[in-house]
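Visitor: I have a model open here and would like to go through a few of its local details with you. Could we start with one residue and move on from there?
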Amino acid sequence: MLWTTLRCKTLRSSSPWGRSPRTLPIRQFLQTPSRSFLRPSRCFRQEATTPSPPLRDTPEATFKRGPSFYEKIGKPGIRKQILVSTGSYFVRHSIPLTYDPKFASITSFLAFSVAATQTSIETEYWTERMAAVSSIWSVKPITNTDLKRAQTAELIQGLRETLATMQSVIQQLPVLIRPWINVACVSVMQPYADASEGKRLCWKICLLNAAVWAAWKVKRWQGFMNTRFMHNPLSGLSITLLTSMFSHKSAIHLLFNCLALESFGSAAYYYLLREQNKAEPEVLESTSAYHFLTFFISAGMFSGLVSHIVSAKFRYPRLVSHLASPVNTAQRTETWAGAVAATAASASQTATKTKVLDILPSLGASGAIYASVTLTALAFPDSQVALFIPPTYPINIQYGVGGLVALDMIGILRGWRHFDHWAHLGGAAFGVLYYKYGPSYWRYLREVSSKVESK
């Protein structure tokens, strides 16, 4: 506006050669003899007849204080959202969407209930099948070890039939490549048959993670993946807390998580199986795959919930306070020197604002893996661990887990944001809680489901 006013008062020519300005025609006042000299306009007469009172004489009641910035956007509440459908409440009221712990607790409870029911169904199926195959089981009681042996024999028989079917197809190929294909098939099937059930389940989870990682590499799916497979605390989507634990964008992140899951996941599976076999009286269980899978999902959701609560209840109010503070409001400057000074001051505060205002989305299975690590450390305190990349000397697992937890706590205190340290600590806490109360809770669900199935 100031630049426009100065330009209107300028009488210089637009020529770049500096010529003398043109002589403007002088208008005589005698050309309008019928009009009065300096006739005031209608607007001017109206302002003159009704003068406005000065600002200092205006009563304070005439000024109405509007809602503040914090009141306009609302305060994030965790207890108000119920499942996913309640997100519409926040959309209608313009309140930042947050995640409710009810979704995690209800989802975990349903997952445990379904897992216990499915385990009971499969156990009853294998019990009836073994009793029908041999009459010895009418005299000798069936144990969990017998059920495992029957399932392993069934698995090996299925692999042999698959290999025989593939052999008939391989015979149609050229002679030079037949041995190579046979070796490749045996190299895949033999370790799968020799591995424990827990390790095979961890491999399947790793394959699922690899499929999601491959989906990230499709450019057309980037928008969908960012929305549905990455949890943003302010997005209002509850399902992303479940899908984000199987999502990895970088190959390094996927590789390290899969290596850790294969090692500690199988150990945690063995602990859950061992605790179930110790039950008095013994509760038959043909497989612990559903138990471990539910533990893995619940641990991932709990760790993500901890990170979400920290972002919604601590980081978000700091973000709002910084946005509403007078320091971040634009200041009017009357001179160029003032504008330059204001720009320099805002640039000096950029680093501080970035640390406070960043609420980053999260993804990955690190929280669930941390739960498996702490569960393994408590279940097998005398075991030793070592890093595969880079190679290190083996140390006691409790020292290693203690070092990881200490590193995450230092990251929180120092403000490191490369990893989700709150999610790591949440997963570690879930592993400790499940070591204390998880086996008894699962045993209770199994007993209830067995009674329901018997009826």
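Visitor: Where does Thr287 lie?
Guide: In this predicted model, Thr287 lies in the loop between α11 (251-277) and α12 (289-324).

Visitor: Is Thr287 buried or exposed?
Guide: Thr287 counts as buried, because its relative accessibility is 3% and the cut-off for buried is under 20%.

Visitor: And what does the side chain of Thr287 join in a polar contact?
Guide: The side chain of Thr287 has a polar contact of 2.4 Å with the side chain of Glu197, and a polar atom of the Thr287 side chain also lies 3.1 Å from the backbone nitrogen of Ala289. Leaving aside neighbours within four places in sequence, Thr287 is in contact with residues including Lys148, Gln151 and Tyr269.

Visitor: Changing topic, how many disulfides are there in the whole structure?
Guide: A search of the whole structure finds zero disulfides.

Visitor: What about aromatic pairs, how many does a search find?
Guide: The search of the whole structure finds 15 aromatic pairs. One of them is the tilted pair of Phe292 and Phe295, with 6.1 Å centre to centre and 40 degrees between the planes.

Visitor: How are Phe292 and Phe295 placed in helix α12?
Guide: Phe292 and Phe295 are three residues apart in helix α12, so about one helical turn separates them, and both Phe292 and Phe295 are buried. Ring pairs also link them into a cluster with residues that include Tyr269, Phe296 and Trp442.

Key:
Residues numbered from 1 in each chain as written. Predicted model: local features only at pLDDT ≥ 70, side-chain atom pairs only at ≥ 80, totals over all residues. Heavy atoms only, no water. Helix = DSSP H or I, 4+ residues; strand = E, 2+ residues; numbered from the N terminus. Buried < 20%, exposed > 50% of the residue type's maximum accessible area, 1.4 Å probe, protein only. Polar contact = N/O pair within 3.5 Å; in protein donor to acceptor, adjacent residues only side chain to side chain. Contact = heavy atoms within 4.5 Å. Disulfide = S-S within 2.5 Å. Phe/Tyr/Trp six-rings, centres within 6.5 Å; stacked < 30°, edge-to-face > 60°.
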